[in-house]
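The following note was prepared for a colleague who has asked for a reading of the coordinates. Please consult it alongside the structure itself.

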Amino acid sequence: MIDLLFGPFIEFGFMRRALAGCFALSLSAPPVGVFLMLRRMSLMSDAMSHAILPGAAVGFLVAGLSLPAMTIGGLAAGLFVALLAGIVTRTTAIKEDASLAAFYLISLAAGVLLVSLRGSQIDLLHILFGTVLALDDPALMLLGGIATVTLFALAALYRPLVMECVDPLFLRTVSRAGGPVHYAFLGLVVMNLVGGFQALGTLLAVGLMLLPAITARFWAADLSGLIPTAMAVAMVSSFAGLTASYRADLPTGPAIVLAAGSLYLVSLLFGPRGGLVWRLFRPRHLEG
Amino acid sequence: MTHALIGDVPVQPGAIALRGLTLGYDRHPAVHHLDGTIPAGALMALVGPNGAGKSTLLKGIIGEIRCLDGRIDRPGGADAIAYLPQAGEIDRGFPLSVLDLVAMGRWRRLGFWRSALPDRRTLVRALSAVGLLGFEDRMIGTLSGGQFQRALFARLIVQDARIILLDEPFTGIDGRTTADLIALIRGWHGEGRTIVAALHDLHQVKAHFPTTLLLAREPVAWGDTETVLTQENLARAQALSEAWDEDAAICGRGDGHHHAPPPSDGGDRHAHDHDHSHGHAHDHDHRHDHGHVA
């Protein structure tokens, strides 16, 4: 049993690296996802993950399959699109989702064009599906760094971020922090998506961010419960996904995201807070 | 009307001076050429038909929308003004406890990081003042409309602001809760705070608010509630607010400000250095559209 679960990690260094990288990502991305979900911006992160592509592609064109180049490119493109969409939202009548959709579509098309200009099918597959089983030292350090920065930043911005989510108008009347906090949060989203795309690829980078957050909604009532639950779900998914991909020779990124997806479906049915199965029973109501 | 020189006269703490103020959306004024001072310690009702610009004026005072013309002089500092919007942007589905919602009012004291624990007694006292003792750990999504409004009043209490702006605070609130909240407002008035409330219930206004500004985009009357809320004034307000014009021309009153009678409960007398004559007659032949007034 122990061998079944831990064997591959004991035996192979690359599996241990993959696990460490995924755990780092599991600590940073899910809390960001919790806030995205609560702000009804879940799909926004999906749009952002596409917006990262042209930056990564430019990095790839310049330096080949090099981590620093693609990371910097991805960060730059993501932040640029987030900032541009934010400015358009705050200065015109266009809502944030629409302006983001416009920019990410432009960005995605440009990215696909750039990648197909040079590079083989395999390179494209790497970018789209990630290379979690080939994480080298710089990649691991990047993931660890992103997790550290994210957790410290969330701790620092926690209070205004919650206020901005609950009552943005109130925050505007008492403080000017709302705008900067919003942009800082978008920066964290982009950073975690770039981290996720090292491991899971651009298409699935959102997976470890959102699925654990949404799953946690079925288990915890408030933020102090949602965030740790989401982290735990992400770590379990990472472990299960990596093990399954090793045993059954499956691609790793999809295996991890599918593991998170399975946990979501189980929670959807049996989660103590709003799970569907509990609807079958009608508990006796209380006296008052 | 008397004219006198005014320079940049600093506003006394707790007072709000409106100087030739025009507020609006897409250049169409929703509040047009408003002049006067809300004195410190005033308990003022803001009355007018729907679309009269009541919410717009309150949003203008907190700086949520920019002035098209003229200006608002108000004391600075984020703690100076507390504002309760008509239909806030509050996400009641957010998993937040009632105590945390009220604690938001302490933002200026607590900032990003300072612990709210030492303030717990203040927060609980505010909850007990609005009759929500024992609701500390309830999620805001589980409160009824009236309970939620009580919680927002508790947040106003802990904000401890000199000026409190309320935009239709009793809409959809039952009589018992309204009476409790009005008692709170009268308590604030007793503490010398300035209170401006947009209201529709004229009986309420007559019973509890000494001063009233009757607004129909133009100020119709401003002063003692008794003298303002006459049948004649109310009919004029109704007529004014129904007039609108999609293709309004550019307003020619740019240099001359339209005056409302100054508030009579000790308000600053207002005048300015333009030597022009004008009155309340609407002798210009254009009218204005506003359509976005919340």
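1. Confidence. This is a predicted model, and its confidence values should be read before the details. Chain A has a mean pLDDT of 85, with 95% of its residues at 70 or more. Among the elements of chain A, the lowest mean pLDDT, 66, belongs to helix 7 (residues 121–129) of chain A, and the highest, 93, to helix 11 (residues 207–216) of chain A.

2. The sheet of chain B. Chain B contains an open sheet of 3 strands in the order 2-1-4, paired in the antiparallel sense. Strand 2 (28–38) and strand 4 (67–73) of chain B are at the edges with a single partner strand each, so one side of each has no neighbour in the sheet. From one strand to the next, the twist averages 15°.

3. Pairing of strand 1 of chain B. Strand 1 (residues 16–25) of chain B is joined to strand 4 of chain B by 5 bridges in the antiparallel sense. The pairing of strand 1 of chain B with strand 2 of chain B is also antiparallel, and it runs over 7 bridges. B:Ala17 illustrates both pairings: its bridge partner in strand 4 of chain B is B:Asp73, while in strand 2 of chain B its bridge partner is B:Thr37. Elsewhere, B:Thr22 stands opposite B:Asp69 in strand 4 of chain B.

4. The hairpin and the covering of the sheet. Strand 1 and strand 2 of chain B form a hairpin with 2 residues between the strands, and B:Asp26 in this hairpin adopts a positive phi near 50°. Helix 1 (residues 54–62) of chain B lies across strand 1, strand 2 and strand 4 of chain B, at about 115° to strand 1 of chain B. Is strand 1 of chain B mostly covered or mostly uncovered? Strand 1 of chain B is mostly covered, with 10 of its 10 residues buried.

5. The nonpolar cores. The largest nonpolar core comprises 105 residues, and those with the most contacts inside it are A:Phe35, A:Leu36, B:Leu101, B:Phe153 and B:Leu166. Helix 10 (residues 178–199) of chain A makes the greatest contribution to this core, with 10 residues. Another core, of 29 residues, lies apart from it and includes B:Ala30, B:Val31, B:Ile81 and B:Leu213. As a general point, nonpolar side chains in soluble globular proteins tend to be buried together.

6. Surroundings of B:Leu101. Which residues are in contact with B:Leu101, leaving aside its neighbours within four places in sequence? They are A:Val166 from chain A, together with B:Leu96, B:Ile140, B:Phe148, B:Ala151, B:Leu152 and B:Arg155 from chain B.

7. Aromatic pairs. Over all chains, the structure holds 8 aromatic pairs. One of them, between A:Phe35 and A:Phe185, is edge-to-face, with 6.2 Å from centre to centre and 75° between the planes. A:Phe35 belongs to helix 2 (residues 13–38) of chain A and A:Phe185 to helix 10 of chain A, so this pair ties together parts that are 150 residues apart in sequence. Both A:Phe35 and A:Phe185 are buried. The rings of B:Trp107 and B:Phe112 are tilted, because their planes stand at 50° with the centres 5.4 Å apart. B:Trp107 is buried, with a relative accessible area of 7%, whereas B:Phe112 is partly exposed at 27% relative accessibility. In chain A, ring pairs also link A:Phe12, A:Phe14 and A:Tyr246 into a cluster.

8. Setting of A:Ile227. A:Ile227 is located in helix 12 (residues 223–248) of chain A and is buried, with a relative accessible area of 15%. How far apart in space are A:Ile227 and A:Gly33, C-alpha to C-alpha? The distance is 9.0 Å, although 194 residues separate A:Ile227 and A:Gly33 in sequence. Leaving aside neighbours within four places in sequence, A:Ile227 is in contact with A:Pro31, A:Val34, A:Phe35 and A:Tyr158.

9. Setting of B:Thr177. B:Thr177 is part of helix 6 (residues 175–190) of chain B. Why does B:Thr177 count as buried? Its relative accessibility is 5%, and the cut-off for buried is under 20%. Beyond its neighbours within four places in sequence, B:Thr177 is in contact with B:Gly146 and B:Arg150.

Notes. Residues numbered from 1 in each chain as written. Chains lettered and ligands numbered in written order. Predicted model: local features only at pLDDT ≥ 70, side-chain atom pairs only at ≥ 80, totals over all residues. Heavy atoms only, no water. pLDDT = per-residue confidence, 0-100. Helix = DSSP H or I, 4+ residues; strand = E, 2+ residues; numbered from the N terminus. Pairing = 2+ DSSP bridges. Axes fitted to C-alpha atoms, helices over the stretch in contact; angles between N-to-C directions. Contact = heavy atoms within 4.5 Å. Core = buried A, V, L, I, M, F, W, Y, C linked by side-chain atoms within 4.5 Å. Buried < 20%, exposed > 50% of the residue type's maximum accessible area, 1.4 Å probe, protein only. Phe/Tyr/Trp six-rings, centres within 6.5 Å; stacked < 30°, edge-to-face > 60°.
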